[in-house]
Amino acid sequence: MAVNFTEWLEDPQAIRCVLVEAAISVGGVAVKRYLSSKNYSDSVAGRVYDPIVSSDSINLVERMSVDGQPSMSFGDVELINIDGSIDSWLRDIWVNKNITILIGDVRWLREDFVTIFNGTIEDIDSRSAGTLNIKVRDKLQRLNTPISEARLGGVSANKNELIPLCFGECFNVTPLLSNPATLEYRVHTGSIGASAIEGVIEVRDNGVPVSFAYVESLVKTRFTLSAQPFGQVTCSVQGVNDASAWINTPSKIIKKIVKEYGGVNKFVDADIDLTQLSTFDTANPQPVGVYVESRENTLTVCNQLAASVGAQLVMSRIGKLQLLKLEISPLVDAFTVDENDIIRGSLSISAKLPVKAAFKVNFDKNWTVQPGLQTGIPKTHKDMYALEYVSVTAQDNTVKTAYSLDSEPIAVDTLLSKESDATTEANRLLNLYKQPRFVVVFTGTPRLIQLSLGQQIKIKYPRFGMDSVKDGQVIGLSVNWANLTTKVEVLI
């Protein structure tokens, strides 16, 4: 059945029903619980849903960060438990299990229901004697695991050290001494047939280039020195390949990490908005590099990569990974919001972002800072090894004078490799923040349920200078599925 979802939402004759499908573990056995807010049965599958969901509780929050801190979508599903008949559910395993929430009409087939959330269960608890509450989070929660726990092993002094990981191109990293007897070093986990890297560019002893040989010719994750080093061994590396091709852009590296590294609940293609990531990669081909030599969180590493080009990881409502940038683009055909879409008296300013007259962006990270090298390398090389980053600054003197701002901005650390890309990012940030920016919040009519996080819109409203159309970006959404209103946050 073809359904115009927006028209159905506004139809006073609709008999709306929320379905909740949760895959959990009961006594070690995988069980799927089918719950609903009204009496509903799936005639095709012969399945009856338990009508214990409080539709008033389905309030899911999506938000982009305006301060660079990672954010997740979250919400709560309240189950009616007045007689205590489902008390035993508190002892079942809900943690990190999958959950899907759908909405539709009780007269529809299950296949016509629309997914409004696909994510992960944080846990189940009880906030009152008459309810149980399923706490839901988006799938980014699955990335809150160590990116790797592979230790070297063996009998050497480094047996308990984590084997490093290298993605993109990394300058002057410290490899792990894996076999002191043969002077073998490792720069990435993996073996032949597993994840290969592009290779080591140069090996240095206290900054002086030395000869080396690969232990394995195909994977190139290990090398040996021909002579005992005098000082600290470092090297520059081009990291992981994907399908035999070297990858060095944020989108491609993040996709590789979430699918092949981290905990047991790795992402698969169905968890990723492949089209959006491909489009993002075309628009953001800046080379980056990250070297992981200690215990690091998968989500943290991915956010560092994304933030290097001003982006952040988000999950769409239907549970697909996307990369979104905080930016305002004046699109001609952007979705327009006006007085007819905003519930009267609900609009306000929730935040005014500080104006900034300059941005300093760090790039080309030196992964092993070596001050005071005494070897006979050129002074420019010694200076380079002594600094953690190279930096560029973009500044607007007119804004600086008008707002009496400090001349030295706090540096933004990135994993960018090129000065030109760092300059572009500094200018992008400056153009975004050198004028007053506001976060406008309001409650919208059912038509605004179709908005998506990160979407570019136009807004016109007779307050706060929006009498004429303003360009903006949706940075927060919270849909109340009981009354079909949407709390919207827009950066203008």
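What is the volume of the second largest pocket?

1. **The pocket.** The second largest pocket has a volume of about 360 Å³. A pocket here is an open set of points, on a 1 Å grid over the protein atoms alone, with protein on both sides within 12 Å along at least five of seven lines. Its volume is the space filled by probe spheres set on the points, which are joined across faces, edges and corners; the probe is 1.4 Å, and lining residues have an atom within 4 Å of a point.

2. **How to read the model.** This is a predicted model, in which local features need pLDDT of at least 70 and side-chain atom pairs count only at pLDDT 80 or more, while totals for chains, interfaces and linings use all residues. Residues are numbered from 1 along each chain as its sequence is written, and side-chain values use heavy atoms, leaving out hydrogens and water.

3. By class, the lining has six nonpolar, 10 polar and two charged residues. Here Ala, Val, Leu, Ile, Met, Phe, Trp, Tyr, Cys and Pro count as nonpolar, Asp, Glu, Lys and Arg as charged, and the others, Gly among them, as polar.

4. **The chain overall.** You will find seven helices and 30 strands in the chain. Both are DSSP runs numbered from the N terminus: helices (H or I) have at least four residues, and strands (E) at least two. Of the 492 residues in the chain, 51% are buried, meaning under 20% relative accessible area with a 1.4 Å probe and protein chains only. Along its principal axes, the C-alpha trace spans about 80 × 65 × 40 Å.

5. **A strand to follow: S29.** Strand S29 (residues 470-480) has nine of its 11 residues buried, so it is largely enclosed by the rest of the structure. S29 pairs with strand S5 (residues 59-63) in the antiparallel sense over five bridges; two strands pair if DSSP finds at least two bridges between them.

6. **The hairpin.** Strand S30 (residues 485-491) runs antiparallel to S29, and seven bridges join them. Val-479 has Thr-486 in S30 as its bridge partner. Four residues lie between S29 and S30 in this hairpin, and Leu-484 in the turn has a positive phi of about 60°.

7. S11 and strand S12 (residues 184-186) are joined by three bridges, and Asn-179 has Glu-184 in S12 as its bridge partner.

8. **The cysteines.** The structure holds zero disulfides, a disulfide being a pair of cysteine sulfur atoms within 2.5 Å. For Cys-170, the closest cysteine sulfur is in Cys-166, 3.8 Å away and too far for a bond. Cys-170 counts as buried, at 0% relative accessibility. Cys-235 also counts as buried, at 0% relative accessibility.

Key:
Buried means under 20% relative accessible area, exposed over 50%, partly exposed in between (1.4 Å probe, protein chains only).
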